[in-house]
Amino acid sequence: MQDSENTLPLATSTRHAAHGSYEAATTVEDFRHNLAQVQARIAAACARVGRDAGTVRLLPVSKTVEEARLRAAYAAGCRFFGENKPQEAARKSAALAGLDGLRWSVIGHLQTNKAKLVAGCADEFQALDSLRVAEALERRLQQLGRGLDVLVQVNTSNEASKFGLPPEEVAAFLRQLAAFPALRVRGLMTLAMLTEDARAVRACFVRLRTLRDALREAAPAGVALEELSMGMSGDFEIAIEEGATIVRVGQAIFGSRAPVAAG
Ligand SMILES: *Cc1c(COP(=O)(O)O)cnc(C)c1O
């Protein structure tokens with residue numbers, strides 16, 4: 001994404017000034033304010049690399065946030081929430097079923113015995129990384145007569161603690177996914193290395209974009225690779241500079257969580 005004619009400096013830090021100390025948002029006003037700030041950061045990152053801000057979808061990540069605050073976020077304009085645990089997504093989507101047009105994205109690792117929950121409540125699943133999970137989801141979706149947008153999670157940091165397929169296994173996996181009509185493959189997702197080193201973070205995002213570009217031409221019929229889901233509160237500007245089309249942002253919208261390992 002780096003453009004030689006571009007004079008604006010790219011992000012060199014994974015840390016926003018306020019990162020690690022976001023105040024908890026509770027009122028509709030709080031959410032309007034935080035959403036506007038995140039949208040401004042998205043617009044600034046887009047401007048640095050000559051992208052249209054309309055090409056980046058902000059996915060608010062609502063894990064651990066209770067329903068009352070989700071109602072306030074909805075009132076402030078959120079229509080899509082990301083959850084990393086299938087049980088939590090199913091519980092919240094049932095509790096908030098009365099909110100018109102609200103959709104759910106499951107962004108965390110899935111075990112086959114939880115496929116039914118995701119098939120029943122999610123509009124999108126971003127962490128597909130095994131044939132067994134694909135089979136389980138396909139079976140449940142067929143029973144319900146519905147389809148699901150999916151992204152394939154790729155491990156771009158080579159950290160054993162991370163879920164996702166190694167980049168070199170993605171091409172073969174996509175060929176296998178062509179056999180699952182209920183799974184609408186939309187693109188790739190990754191979590192960058194958890195580090196303060198902006199260059200190492202950027203390298204993860206470059207890896208995902210390069211992989212997507214290499215695979216897009218030869219993608220099997222029915223497999224689309226338009227979406228690149230990468231970037232969280234601490235690193236979404238870098239991700240946008242490197243081509244992210246979806247950024248998954250929790251803390252910068254909802255406030256800081258107690259630190260837990262991301263997977
Ligand atoms: C929690 C989470 C995010 C959002 O992280 P924040 O630091 O809250 O922005 C993004 N992606 C995944 C997979 C997550 O689990």
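Colleague: Which handedness does the β-α-β unit made by β2, helix α3 and β3 have?

Modeller: Please bear in mind that this is a predicted model. Strand β2 covers residues 80-83 and strand β3 covers residues 103-106, and the two pair in the parallel sense over four bridges. Helix α3, residues 86-95, belongs to the unit together with these strands, and the unit is right-handed.

Colleague: Which residue in β3 is the bridge partner of Glu-83?

Modeller: The pairing of β2 with β3 is parallel. Within this pairing, the partner of Glu-83 in β3 is Val-106.

Colleague: Through which helix does the chain cross from β3 to β4?

Modeller: Strand β4 consists of residues 124-128 and pairs with β3 in the parallel sense over two bridges. In this pairing Ser-105 stands opposite Glu-124. The crossover from β3 to β4 is a right-handed β-α-β crossover, and the helix it passes through, residues 115-121, is α4.

Colleague: Which residue in β7 is the bridge partner of Gly-187?

Modeller: Strand β6, residues 183-189, and strand β7, residues 223-229, pair in the parallel sense over four bridges. The chain passes from β6 to β7 through helix α7, residues 198-216, in a right-handed β-α-β crossover. In β7, the residue that bridges to Gly-187 is Glu-227.

Colleague: Why is the protein chain described as being as compact as a globular protein of its length?

Modeller: The chain contains nine helices and eight strands. For 263 residues the globule rule gives 18 Å, and the chain is as compact as a globular protein of that length because its radius of gyration is close to this value, at 18 Å.

Colleague: How many residues of the shell around the ligand are charged?

Modeller: The ligand is surrounded by residues including Val-61, Lys-63, Asn-84, Gly-250 and Arg-257. The shell divides into four nonpolar residues and four polar ones, while the number of charged residues is three.

Colleague: What percentage of the area that the ligand exposes when taken alone does the protein bury?

Modeller: A polar side-chain atom of Lys-63 lies 2.6 Å from an oxygen atom of the ligand, and for Arg-257 the corresponding distance from a polar side-chain atom to a ligand oxygen is 2.7 Å. Gly-250 contributes a backbone N or O atom, 2.9 Å from an oxygen atom of the ligand. Taken alone, the ligand exposes 390 Å², and the share of this area that the protein buries is 97%.

Key. Residues numbered from 1 in each chain as written. Predicted model: local features only at pLDDT ≥ 70, side-chain atom pairs only at ≥ 80, totals over all residues. Heavy atoms only, no water. Near = heavy atom within 4 Å. Polar contact = N/O pair within 3.5 Å; in protein donor to acceptor, adjacent residues only side chain to side chain. Areas by Shrake-Rupley, 256 points an atom, 1.4 Å probe, with all protein chains shown as cover. Nonpolar A, V, L, I, M, F, W, Y, C, P; charged D, E, K, R; others polar. Pairing = 2+ DSSP bridges. Right-handed = clockwise from strand over helix to strand, strands pointing away. Rg over C-alpha atoms; globule rule 2.2 N^0.38 Å.
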